[in-house]
Amino acid sequence: MDRIPVLRMGSLLLITIQVDMHDKLALQLQDDVTERISEWGATGVLIDISSLEIVDSFIGRMLANIAAMSRVLGADTVVVGMQPAVAITLVELGMSLPGVRTALSVEAGMELLYGAATRADDAST
Amino acid sequence: MNDLAEIISQNEDRIRAEWIRSMSNTVQRADLISKAELDEQCRDILRAIVAGVKTSRPTEISSSGWATGRELLSEISASRARQGFSPVEVATFVLSLKQPLFAAIREKFVSSQEKLFDTIWSATELLDRLALVTTEAYMATREELILRQQQELLELSTPVVKLWDGILALPIIGTLDSARTQVVMENLLESVVATNSKYAIIDITGVPTVDTLVAQHLLKTITAARLMGAECIISGVRPQIAQTIVHLGINLEDVVTKAKLADAFALALQRSGRTVVRSSSAPTSPISNLFAKRED
């Protein structure tokens, strides 16, 4: 079975979804992400969905779930590169993903996460 | 039935001449169509009618025997619809054939009452149906025209303009309905991706009324943009509209709204870490110098 790779970049996790998501893959990804966060002590999760062209309510809920789980484990989640058609579909499905942060590109997402990490460091020192 | 075909072919030139003359009294519109063109159209139609009545009965206008006639008439009325003829003029075109045709029929059956009546009845039935065909084609063409204009209007009225690097503006003019919102939303989101813009200003100065439906459409657009990582600011909220929004109980609390496009632009610049500073070396007019002195 194929699997979506979870890459480690410093204190961040980078996930790029390059294939059409199906339900099993989504559940596997949830497992992997939560495991990696606790294993590597990641403070941020970046999910790149720029090549995702089809979404349904299940995938939408999965994104919201991953964000919520990461937050429980102490990591911020940023979803980047959502296609216009995907955004419209999610809105029409009534899923506005209220707890998920978004950015236009991987670069912008990184900035957001690093910015959040630096602010957190400043606050703790 | 072949009587009719025979009468028409025998008296073709005379019928056509009289037909055109009767039209010139009513609906010829010499300003829109030339005499030679009209003459040719009339000849084609008469031949098509002859061909039609030879193969099938006039009541079977939708059968294959009338295909050429139907096509010809539809074509003529479609071109007339585009030229600007009125519906009455288009329908009268075929109906004006009645008088010359009936005259020819009466001449032929001057002795037999019964035959005369039968032929006239089938001729009138036929021409009525042909007139319906022309009217239908006329309406279809007009509707097509309206549809195309609607489409053009839709595309014209939703431009997305780039104000600054990473800041887009979307001035909306006219009422927002579902179809337009879809176009607006798609345009905006495509532009956000294409220009990699973090801020989008939706200016509703040109929207005459904002009701719950329009507000819902706006919120959907804003949510979709947020999902992609862009932030929307609504500007151009007129005092009247601000009152309506509050009275209707529409919740715009999660959205940044500004009264003027300039305010929204300033906010977008500020949020993207830019400041606008007046250059001290800017040229000043003598009049403003005067005011400056007086202030001292």
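## A quick briefing on chains A and B

Chain B has a mean pLDDT of 83, with 91% of its residues reaching 70 or more. Please keep in mind that this is a predicted model. As a whole, the model scores ipTM 0.77 and pTM 0.63. Here is a short tour of chain A and of the side it turns to chain B.

**Confidence**

- For chain B, 91% of the residues are at a pLDDT of 70 or more.

**How chain A is built**

- Chain A contains five strands and four helices.
- Following the sequence, these elements of chain A come in the order β-β-α-β-α-β-α-β-α.
- Chain A has 125 residues, and 38% of them count as buried.

**Where chain A meets chain B**

- On chain A, 14 residues are in contact with chain B, and on chain B 15 residues take part.
- Two elements of chain A, helix 3 (84-92) and strand 5 (101-103), each supply at least two residues of the side that touches chain B.
- Helix 3 of chain A gives the most to this side, with five residues.
- Sorted by class, the side of chain A that touches chain B has eleven nonpolar residues, three polar ones and no charged ones.

How values were computed:
Residues numbered from 1 in each chain as written. Chains lettered and ligands numbered in written order. Predicted model: local features only at pLDDT ≥ 70, side-chain atom pairs only at ≥ 80, totals over all residues. Buried ≥ 20, exposed ≤ 12 C-beta atoms within 10 Å, placed from the backbone. pLDDT = per-residue confidence, 0-100. Contact = placed C-beta atoms within 7 Å. Nonpolar A, V, L, I, M, F, W, Y, C, P; charged D, E, K, R; others polar.
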